[in-house]
Amino acid sequence: MRDIWIYSESAAVATQMIACAGKISQTGKLRVFISSEDGTHSIVRAGVDEVTVFRSADGRAESCVEALSALAQTERPLAILFESSCSGKEIAARCAAILGTGLVTDALDIRNNEGIIETDRMVYGGLAIATEALSSPSLITLAASLYTPAAALGAADASLRIQEADGGSAINIVDRLPIERASVDLTKADKIVCVGRGVGKKDDLNLIYEMAAALGAEVSCTRAINEYQWFPPESYIGISGFKVRPSLYIAIGVSGQIQHLSGIRDSKTVVAVNNSESAPIFASADYGIVGDLYDFVPCMITALRKN
Amino acid sequence: MPNIVVCYKWVINEQDISVKEDTLELNCSRAKYKISDYDRNAIEAAVRLCEKYGGSVRTVSYGDENVKASLKDALSRGPAEAYWIEDPSSITADSYVTANVLAAAIGKTGAYDMVVCAEGSSDTYAQQTGARLAALLNVPAVTYAMELDWQDGNIIVKRKLADIVEILQMKGPVVISVLPEICEPRIPGLKQVLAAGKKPSTRLNVSELSLSDEQLKPKNRLIKIKGAVSERKHVLIKEEDMAKNVDKLLEYLRVE
Ligand SMILES: Cc1cc2nc3c(=O)[nH]c(=O)nc-3n(C[C@H](O)[C@H](O)[C@H](O)COP(=O)(O)OP(=O)(O)OC[C@H]3O[C@@H](n4cnc5c(N)ncnc54)[C@H](O)[C@@H]3O)c2cc1C
């Protein structure tokens with residue numbers, strides 16, 4: 001039987017991906033490749049056969065592409081599952097090109113249908129789900145929603161290897177600047193107020209935060225607003241951002257393009273406020289208020305405080 | 001002076017697709033085409049760089065019989081020249097086939113410092129083409145670029161990852177895929193549209209690209225495609241008085 005490989009940047013995600021690999025592995029070996037040495041002790045006990053840490057001279061995760069694809073070339077695993085991070089997707093795509101094989105990014109589900117790997121993923125901004133059969137080796141990046149904490153298996157320790165990975169790349173790293181991440185986990189929020197481009201300027205967010213506080217809600221935004229950098233980076237909702245499932249989601253000045261809607265599909269109740277009655281968000285809302293958000297928000301704050 | 005190739009995709013507008021309620025089949029018969037949203041930002045980024053530093057931008061696109069209709073739109077956005085590959089293989093092409101065709105076509109268009117792609121297309125959003133092209137062309141890959149500059153023959157990129165921004169510097173040739181925040185695409189005026197009609201465009205045939213049958217055969221086979229729907233109540237509240245609207249809404253929410 002052929003093996004399943006996993007590539008991840010962190011031990012935490014790797015252990016979750018191991019659980020996912022269980023869905024498609026038969027009797028082959030499970031092998032983990034990781035670009036960080038932190039926490040590898042937890043992976044060697046997670047029921048895998050082999051763990052390889054890539055150590056790159058320039059500190060770039062992408063430097064492992066040559067080493068990983070050369071190994072895959074000789075050992076021909078059945079599938080390689082990659083973490084769906086930015087680097088993970090670049091690494092997966094470059095490996096796929098070198099191996100001359102297919103790649104499915106952001107798979108929502110993976111199955112092993114008699115040795116052929118099948119995946120589901122969103123297309124057309126989330127309007128539809130495409131089911132595909134993959135060639136071998138099957139390269140897949142797993143959508144974050146598939147990561148669920150794995151049960152500790154407590155199996156025998158896997159062997160641990162360190163491999164030097166030298167991209168030999170002509171890219172100079174001039175600087176690395178950490179970015180401040182949002183501290184809230186939107187995927188666990190019970191109530192979310194989402195800001196769209198109907199909110200005209202950054203100062204107006206104060207009003208939104210006031211309403212959110214009265215509601216006990218977190219504040220997030222559309223990708224269009226994310227581009228303005230009013231919020232911590234990548235804290236937006238949608239196909240390329242977070243998929244959320246709150247009990248209450250309120251869209252303020254959000255047009256409701258499909259790419260955004262596919263991130264809120266699992267919300268229990270969707271409320272939309274938009275001054276254009278033809279805005280597509282109303283077709284995907286439980287309750288829609290046609291009107292100016294600058295009238296709605298103050299009224300809402302007053303009403304919530306009264307109650 | 002930067003010499004840039006931009007790849008773009010001529011896609012059907014997902015907003016024109018409807019989902020049949022009973023079968024969840026997609027109905028694309030009314031769909032119009034567009035240059036994939038973020039590809040417009042990619043074209044803009046390349047054009048702005050050349051407006052600032054000189055150099056030239058040419059575009060390459062691979063598509064079906066409709067792709068020729070994209071040339072005017074693409075060229076009205078500032079590039080000097082367009083290449084297109086029109087072939088039925090594009091209908092079932094996955095990222096593997098697309099990158100094979102584009103890489104071979106780029107080679108036919110001459111030397112370049114940069115190939116610029118967008119982060120992902122608005123139809124499949126596979127986010128693979130840029131990185132695959134780099135591997136096939138055997139040049140460095142830079143993905144998720146949020147800023148792009150050219151300084152005395154050096155390419156400077158600000159690359160945005162989950163928790164870090166990398167400032168990278170390199171010499172071409174290189175493939176760069178850019179995020180939409182790199183710049184706002186222009187809305188071409190009448191003058192640009194008219195000028196576009198006079199710019200040179202060249203059709204490349206797949207048969208000229210020295211690709212094997214294998215390289216034109218997709219690795220991912222589509223089994224089915226189904227619309228995703230969610231049930232909603234669709235209650236519209238639109239009184240003149242906003243305070244009344246809010247009261248109604250809160251009443252509804254109370255019973256949810
Ligand atoms: C490949 C790809 C991936 C994408 N991924 C995502 C994603 O993950 N998430 C995402 O959100 N988007 C995504 N997008 C972008 C998406 O297509 C839309 O462009 C975006 O969601 C629009 O954001 P918006 O609603 O804030 O802005 P707009 O579309 O500009 O909408 C603003 C709305 O505000 C309303 N409005 C204006 N003034 C007022 C007022 N005073 N009171 C009330 N309403 C008002 C307007 O009627 C309008 O409907 C993606 C696009 C592509 C191509």
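So, which class does Arg186(B) fall into at 22% relative accessibility: buried, partly exposed or exposed? Hold that thought, everyone.

Some ground rules. This is a predicted model, where local features need pLDDT of at least 70, side-chain atom pairs count only at pLDDT 80 or more, and totals for chains, interfaces and linings use all residues. Side-chain values use heavy atoms, without hydrogens and water, residues are numbered from 1 along each chain as its sequence is written, and chains are lettered from A and ligands numbered from 1 in the order in which they are written.

Our topic is salt bridges, meaning a side-chain nitrogen of Lys or Arg within 4 Å of a carboxyl oxygen of Asp or Glu. Searching the whole structure over all chains gives 43.

Back to Arg186(B): at 22% it counts as partly exposed (buried is under 20% relative accessible area, exposed over 50%, partly exposed in between, with a 1.4 Å probe and protein chains only). Its salt-bridge partner is Glu51(B), with the closest N and O atoms 3.2 Å apart. Glu51(B) is exposed, at 56%.

Now chain A. Asp120(A) and Arg111(A) pair up at 3.1 Å, N to O. Here Asp120(A) is buried at 15%, while Arg111(A) is partly exposed at 27%.

Finally, Glu277(A) and Lys238(B) form a salt bridge, their closest N and O atoms 2.7 Å apart. Glu277(A) belongs to chain A and Lys238(B) to chain B, so this pair joins two chains. Both partners are partly exposed: Glu277(A) at 42%, and Lys238(B) at 48%.

Thanks, folks!

Conventions
Helices (H or I, at least four residues) and strands (E, at least two) are DSSP runs, numbered from the N terminus.
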